[in-house]
Amino acid sequence: MFDLIDTITSAFYRNMIHDERWRLWLSGLELTLTVTFFALLIGLLLGLTIAIIRVTYDSSAKPNPILIILDRLAKLYISVIRGIPMVVQLLVWALVILASSRNSVLIASIAFGVNSGAYVSEVFRAGIASIDKGQSEAGRSLGLSYAQTMIKVVLPQAIKSCLPAFGNEFIALLKETSIAGMAAITDVTQIGNIIRGRTFDPTPLFFVAAIYLILVLFLEFLIRKMEKSLSKSDRSTGRPVAKLKRKGIARDD
């Protein structure tokens with residue numbers, strides 16, 4: 001028993017304390033979270049834009065030529081991104097598209113964000129499609145434009161219904177960033193490999209696994225809190241259309 005404790009303590013000291021290696025771990029964690037955060041923003045904005053284009057096209061009886069072109073491009077984007085492995089996409093961005101850039105964090109953020117946008121767009125689209133058409137029609141009948149109806153009536157309900165799917169995508173995005181080292185980023189995984197090469201000890205790999213596990217558990221906790229908060233808010237305020245009428249934003253019949 002004491003031998004096991006001594007072995008664990010010794011491994012922890014070699015890989016975390018010696019030569020202030022904990023600073024390396026913190027720097028790697030900072031880069032991992034930075035890439036994940038900016039990739040998440042890019043993925044949400046891109047995914048929402050693509051979803052609105054496709055939903056608008058599907059709901060239009062006679063779409064105009066511009067909308068038709070945008071819808072075709074959106075479908076092509078989704079097919080290409082979902083059909084190519086993330087590792088290959090990252091290498092293409094790092095070695096071809098943004099080869100002249102020295103900002104590896106920017107390259108990785110764009111690569112992961114563009115990849116995530118394809119999946120987020122389908123989540124958004126499914127969420128919008130799940131909302132009863134009566135909600136949209138009610139919003140339009142109360143004097144709201146198509147954009148106002150989408151922003152104030154449809155999207156709030158769609159986001160609530162798709163929050164678990166969004167949570168899964170965000171967690172998947174965080175774990176995918178473990179390959180960011182291929183774009184010359186010293187993230188958590190890369191730091192683990194660097195320290196392993198110095199100590200000839202596989203223990204850093206367990207540290208990497210533990211860090212990602214803790215981050216994922218924390219995200220799951222936040223998502224559960226958000227789900228509870230949104231459900232309470234929904235019960236207290238009622239449906240968006242009724243809420244808009246109470247606030248005087250929409251016209252009465």
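Trainee: Which residues lie nearest the centre of the second largest pocket?

Mentor: Keep in mind that this is a predicted model. Leu-40, Phe-170, Leu-219, Leu-222 and Ile-223 lie nearest the centre, out of 19 lining residues. Two or more lining residues come from each of α2, α7 and α9, and α9 gives the most, with 7.

Trainee: How many of its lining residues are nonpolar, polar or charged?

Mentor: There are 17 nonpolar and 2 polar residues, with no charged ones. The volume of this pocket is about 380 Å³.

Trainee: OK, and what is the volume of the largest pocket?

Mentor: That one holds about 510 Å³ of space. Its lining has 15 residues, and Val-55, Ser-59, Ile-128, Lys-133 and Ser-136 are the closest to the centre. By class, the lining divides into 7 nonpolar, 2 polar and 6 charged residues.

Trainee: Which helix gives the most to that lining?

Mentor: α6 does, with 4 residues. At least two residues each come from α2, α5, α6 and α7.

Trainee: Switching to α8, which of its residues are buried?

Mentor: Val-188, Ile-191, Gly-192, Ile-195 and Thr-199 are the buried ones. Seen down the helix axis, they fall within an arc of 100°, so they line one face of α8.

Trainee: How far does α8 reach, and what follows it?

Mentor: Its 12 residues, 188-199, reach 16 Å from first C-alpha to last, close to the 16 Å expected. Next comes Phe-200, which has a positive phi, near 55°.

How values were computed: Residues are numbered from 1 along each chain as its sequence is written. This is a predicted model: local features need pLDDT of at least 70, side-chain atom pairs count only at pLDDT 80 or more; totals for chains, interfaces and linings use all residues. Side-chain values use heavy atoms; hydrogens and water are left out. The expected span of a helix is 1.5 Å times one less than its number of residues. Buried means under 20% relative accessible area, exposed over 50%, partly exposed in between (1.4 Å probe, protein chains only). The arc is that of the directions from the helix axis to the C-beta atoms. On a 1 Å grid over the protein atoms alone, a cavity is a set of points where a 1.4 Å probe fits but cannot get out, and a pocket is an open set with protein on both sides within 12 Å along at least five of seven lines; lining residues have an atom within 4 Å of a point. Grid points are joined across faces, edges and corners, and a volume is the space filled by probe spheres set on the points. Ala, Val, Leu, Ile, Met, Phe, Trp, Tyr, Cys and Pro count as nonpolar, Asp, Glu, Lys and Arg as charged, and the others, Gly among them, as polar.
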